[in-house]
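Open the structure in your viewer and keep the selection tool ready. We will go stop by stop.

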Amino acid sequence: MFSWVNKEQGGRNKEGEMYQTVTEGLQTLYTKKLLPLEETYLFHDFHSPALEPADFQSKPMVLLVGQYSTGKTTFIRYLLEQDFPGMRIGPEPTTDGFIAVMYGENEGVVPGNALVVDPKKPFRKLNAFGNSFLNRFICSQMPNEVLQSISIIDTPGILSGEKQRISRGYDFAEVLRWFGERVDRIILLFDAHKLDISDEFSEAIKAFKGQDDKIRVVLNKADQVDTQQLMRVYGALMWSLGKVINTPEVVRVYLGSFWAKPLQNSENRRLFEAESQDLFRDIQSLPRNAALRKLNDLIKRARLAKVHAYIVSYLKKEMPSLFGREKKKEELIMRLPEIYTILQREHHISPGDFPNVTKMQDMLQHYDFNKFPSLKMKLIESVDKMLATKIAVLMTMIREEESKAPPAMVSGGAFEGSQDGPFGHGYGEGISAGADAEDWIVSREKHRYDELFYMLMPVNGKITGVNAKKEMMNSRLPNNVLGKIWKLADCDHDGMLDDEEFALAQHLIKIKLEGYELPTELPDHLVPPSHRKNPTADALYNHSED
């Protein structure tokens, strides 16, 4: 384990390694522990290129994927609240390349070939996809407050048909897989009128296999259908996704209309506002969880690298030294599913850690198994030690960094003031209703509540808990909810309710029955006037009663 010499100065372990930050620790562990294993067993040729310093130091990234005209580019403009260089919007397929929208002091566009030689950007390894891809890849830089916290990747609209898939000139699914491994959030956009998943879109979603925790789904333009149609559209979308994303867990789907235009159907306005706030909170949390996500991705990569080393070394061990090499190679490739099972039992590896068997069989055709390295337990043990002890120390450092200086949440653009003012979600509704009113909001219905109160035969102006319970039980709310309402309404904690406290209890029951949440503490504007410390409140209340 590490022994920390000075928490302000970072930590030093007994091997002399010094980590000032979690990012530096991750980078050091990768370079010293995992990279030697990857290089020895050709991991970069089979699975994923080596990670660079920019991969560890980059801001959280959001990848947008969807069929053409689902509103990907409009969604980015909605978040930023301004146009970005290289942006084109229209009903036809407009975005024909990848656009990395990033922060920059000066507004402008950096072409792909220049972008992949910039050591400060995490895109250098995209060079492997060639000029056909790089000619369709740009970085759009602009001074925008949202982009100070996150970067956004816009992708080409996915078309249906074989021609579009073949004529791209580069492996679209592989590029998406590369981005999927490095981004913090993958957002799949669907149009309420275009729910079909084309062959290329299906391949694109399958390219994100293993990144299921990053995927979110947005059903855009949901205001263009009414409530009944929306229910059917949502069901159809879940059915379509279930055939492509083969996981028992349900993917989180956000409904809404993500552009600054009037809603065509406003009957679901409250639902859309709640969904957009949930999505904003999810995106705003990305900077806070960025270090944890990089740590998680490094662990996944280490597990895959270990399994790959076992596979390669097993193939090397089974090869003859002189004769019949080609025949044995073909036999081993055919037996690869069986070899997976053998390695699972021998090394106690989960089946989910193994790479796709069909893809592995195709790639192995191009290699000479005799040139594969034998199993070097020292490299495996080094990675095991990293996973067992050193990752745990970085987890502790993440919590320490958060407590000292919590990362700033995403702000600016559509995130600015979305919770403040009268247009914030839930303002003036439920428990906050009447917060800015001069009178006590409960007094508006108090005459009705008083009728119930006096039917319960109060003694000295108060009713007992037994009598109050009989009336409150008529709401059919669970006992734990009614118990919470009782605690909030019994302002003087005497175990009895006067007429104002009883009216307050009925008001809280009404709020709960309307589907709103109850507070843990009673807000000041709901405290009955006779229980307030401010005498002016009583005067206002008495004035309204008169």
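Select Asp439 and Arg444 to begin: their side chains meet in a salt bridge, 3.2 Å from N to O. Keep in mind that this is a predicted model. Now show the surface around the pair. Asp439 is partly exposed, at 22% relative accessibility. Arg444 is partly exposed too, at 45%.

**A salt-bridge network**

Next, select Asp55, Glu174, Arg177, Glu181, Arg182 and Lys359. Salt bridges with shared partners join these residues into one network. Zoom in on Glu181 and Arg177. Their side chains form a salt bridge, 3.0 Å from N to O. Why are these two residues about one helical turn apart? Both sit in helix α8 (residues 172–182), and they are separated by about one turn because they lie four residues apart. Is Arg177 buried or exposed? Arg177 counts as buried, because its relative accessibility is 19% and the cut-off for buried is under 20%.

**Another pair on a helix**

Move to helix α13 (residues 325–334) and pick Glu331 and Lys328, which are three residues apart, about one turn of the helix. A salt bridge links Glu331 to Lys328, with the closest N and O atoms 3.5 Å apart. Glu331 is partly exposed, with a relative accessible area of 36%. In total, the structure holds 34 salt bridges.

**Asp297 and its surroundings**

Select Asp297 in helix α12 (residues 286–318). Asp297 is buried, at 13% relative accessibility. What does the side chain of Asp297 join through a polar contact? Its partner is the side chain of Arg293, at 2.5 Å. Now show the other residues around Asp297. Leaving out residues up to four places away in sequence, Asp297 touches Glu181, Gln211 and Lys214.

**A strand covered on both faces**

Switch to the cartoon view and find strand β7 (residues 151–154). Show its side chains. Ser151 and Ile153 are on one side, Ile152 and Asp154 on the other, and all are buried.

Which strands pair with β7? One is β3 (residues 61–66), which pairs with β7 in the parallel sense over four bridges. Click Val62 to find it opposite Ile152 in β7. Another is β4 (residues 98–103), which pairs with β7 in the antiparallel sense over three bridges. Here, select Ala100, whose bridge partner in β7 is Ile153.

**Along helix α20**

Now select residues 499–513, which form helix α20. This helix has 15 residues. From its first C-alpha to its last it reaches 21 Å, close to the 21 Å expected at 1.5 Å a residue. Of those 15 residues, 11 are buried, so α20 is largely enclosed by the rest of the structure. Among the buried residues are Phe502, Leu504, His507 and Ile511.

Check both ends. At the start of α20, a side-chain oxygen of Asp498 comes to within 3.1 Å of the backbone nitrogen of Glu500. Just after the helix, Gly515 takes a positive phi of about 100°.

**Last stop: cysteines**

Select Cys139 and then Cys491. Cys139 is buried, with a relative accessible area of 0%. Cys491 is partly exposed, at 22% relative accessibility. A disulfide is a covalent bond between the sulfur atoms of two cysteines. How many disulfides does a search of the whole structure find? The search finds zero.

Notes. Residues are numbered from 1 along each chain as its sequence is written. This is a predicted model: local features need pLDDT of at least 70, side-chain atom pairs count only at pLDDT 80 or more; totals for chains, interfaces and linings use all residues. Side-chain values use heavy atoms; hydrogens and water are left out. A disulfide is a pair of cysteine sulfur atoms within 2.5 Å. Buried means under 20% relative accessible area, exposed over 50%, partly exposed in between (1.4 Å probe, protein chains only). A salt bridge is a side-chain nitrogen of Lys or Arg within 4 Å of a carboxyl oxygen of Asp or Glu. A polar contact is a pair of N or O atoms within 3.5 Å; within protein, one must be able to donate a hydrogen and the other to accept it, and residues adjacent in sequence count only if both atoms are side-chain atoms. Contact means heavy atoms within 4.5 Å. Two strands pair if DSSP finds at least two bridges between them. The expected span of a helix is 1.5 Å times one less than its number of residues.
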